[in-house]
Amino acid sequence: MSNNPLVYSTDGGRIKAEKPQEVVAKGDGIVRIQRQVSGRKGKGVSVITGLALPSAELEKIASELKKRCGCGGSVKNGTIEIQGENRELLKQLLTQKGYTVKLAGG
């Protein structure tokens, strides 16, 4: 069953349900770049967290970073994953965009 409280309507047209608003988690204002290899069959991935942006803007930034690094990647659960171990280049690119960046982990 639907959670729509409307049972019957004589208005013309289709009934449009409201779309849920996207919740953006606010961080401490510091973007962290972490290197991960666990669960990835030994392949290194740079994970970027702390960007408090909507998913559309995260996709845009991820696309630009992937082009500049010359590798693949994705956006998952508010984090950007860039294939390869390009932490120094990613840090340089994000500081040019005006973010405060820290390298986290090993």
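**Briefing: a predicted α/β chain**

Among contacts in the chain with a separation of 6 or more, 50% come from residues 24 or more positions apart. The model is predicted. Its chain contains 2 helices and 5 strands, arranged along the sequence in the pattern β-β-α-β-β-α-β.

**Sheet**

- The 5 strands form an open sheet with mixed pairing, in the order β3-β4-β2-β1-β5.
- The edges are taken by β3 (73-76) and β5 (100-104); each has a single partner strand, so one side of each is left without a neighbour in the sheet.
- On average, neighbouring strands of this sheet are turned by 20° against each other, direction ignored.

**Pairing of β3 and β4**

- In general, strands of a sheet pair through backbone hydrogen bonds, in either a parallel or an antiparallel manner.
- Strand β3 and strand β4 (residues 79-83) run antiparallel and are joined by 4 bridges.
- Within this pairing, Ser 74 stands opposite Glu 81 in β4.

**Helix packing**

- Helix α1, spanning residues 55-69, lies across β2 (45-49), β3 and β4.
- The helix α1 runs at about 15° to β4.

**Burial and surface**

- The chain has 106 residues, of which 23% count as buried.
- The accessible surface of the chain comes to about 7,900 Å².
- Carbon and sulfur atoms account for 48% of that accessible surface.

Terms used: Residues numbered from 1 in each chain as written. Predicted model: local features only at pLDDT ≥ 70, side-chain atom pairs only at ≥ 80, totals over all residues. Heavy atoms only, no water. Buried < 20%, exposed > 50% of the residue type's maximum accessible area, 1.4 Å probe, protein only. Contact = heavy atoms within 4.5 Å. Areas by Shrake-Rupley, 256 points an atom, 1.4 Å probe, with all protein chains shown as cover. Pairing = 2+ DSSP bridges. Axes fitted to C-alpha atoms, helices over the stretch in contact; angles between N-to-C directions.
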